[in-house]
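Q: I would like to learn how to read the charged features of a model such as this one. Could we go through them in turn?

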Amino acid sequence: MMGQPNLPEEAQEKMQTLQELQQTHEETLQALEDHREQYESVVQAQSFLEQTDDETNVYRQVDDLLFELDYEEAEEHVQQKLEKFESNIEELEERHEQLEERMEELGQEVQDIMSEEQPEGQPE
């Protein structure tokens, strides 16, 4: 395994794992941002729907097609999407926290290994 010179093998392995966790963390943050944006879009749709009366024609776009929905179907569809995004956002936030905790733990483990490897009387 190509690692950093003069690092103990255990520290190199932990650094590799840490880098992988950082990549996953970045991907999780991007997914979280995307879900929050989509959630806000659905909130806007819900707000618009609430401002219309139940006799208004409501359409749902799927790809390039528009489908007419009755008002109750539209309300139900929007509510289901909100619940889905809320659930996904909650899961992503939990994953984000777990990743941060694990990265912090690994960083500390690497520091501990490096401290153990320092010869006595040598600065860290």
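A: Let us begin with exposure: a residue is called buried under 20% relative accessible area, exposed over 50%, and partly exposed in between, with a 1.4 Å probe and protein chains only. This is a predicted model, in which local features need pLDDT of at least 70 and side-chain atom pairs count only at pLDDT 80 or more, whereas totals for chains, interfaces and linings use all residues. Residues are numbered from 1 along each chain as its sequence is written, and side-chain values use heavy atoms, with hydrogens and water left out.

Q: How many salt bridges are there by the rule in use?

A: Side chains of opposite charge can pair when their charged atoms come close. The rule asks for a side-chain nitrogen of Lys or Arg within 4 Å of a carboxyl oxygen of Asp or Glu, and by it the count is four. In one of them, Lys14 is paired with Glu109, with 2.7 Å between the closest N and O atoms; this pair joins distant parts of the chain, since Lys14 belongs to helix H1 and Glu109 to helix H2, 95 residues apart. Helices here are DSSP runs (H or I, at least four residues), as strands are (E, at least two), numbered from the N terminus.

Q: Are Lys14 and Glu109 buried or partly exposed?

A: Lys14 counts as buried because its relative accessibility is 19%, while Glu109, at 27%, counts as partly exposed.

Q: Which salt bridge does Glu93 form?

A: The side chain of Glu93 meets that of Arg36 at 2.6 Å, N to O.

Q: What separates Glu105 and Arg102 in helix H2?

A: They are separated by about one helical turn, because they stand three residues apart in that helix. Glu105 and Arg102 form a salt bridge whose closest N and O atoms are 3.3 Å apart, and a network of salt bridges links Lys14, Arg102, Glu105 and Glu109.

Q: How should I read the strands, and where does Arg60 stand?

A: Two strands pair if DSSP finds at least two bridges between them. Here E1 (58–62) and E2 (residues 65–69) pair in the antiparallel sense over five bridges, with Arg60 opposite Phe67 in E2. The two strands form a hairpin with two residues between them, and Asp63 in the turn has a positive phi of about 55 degrees.
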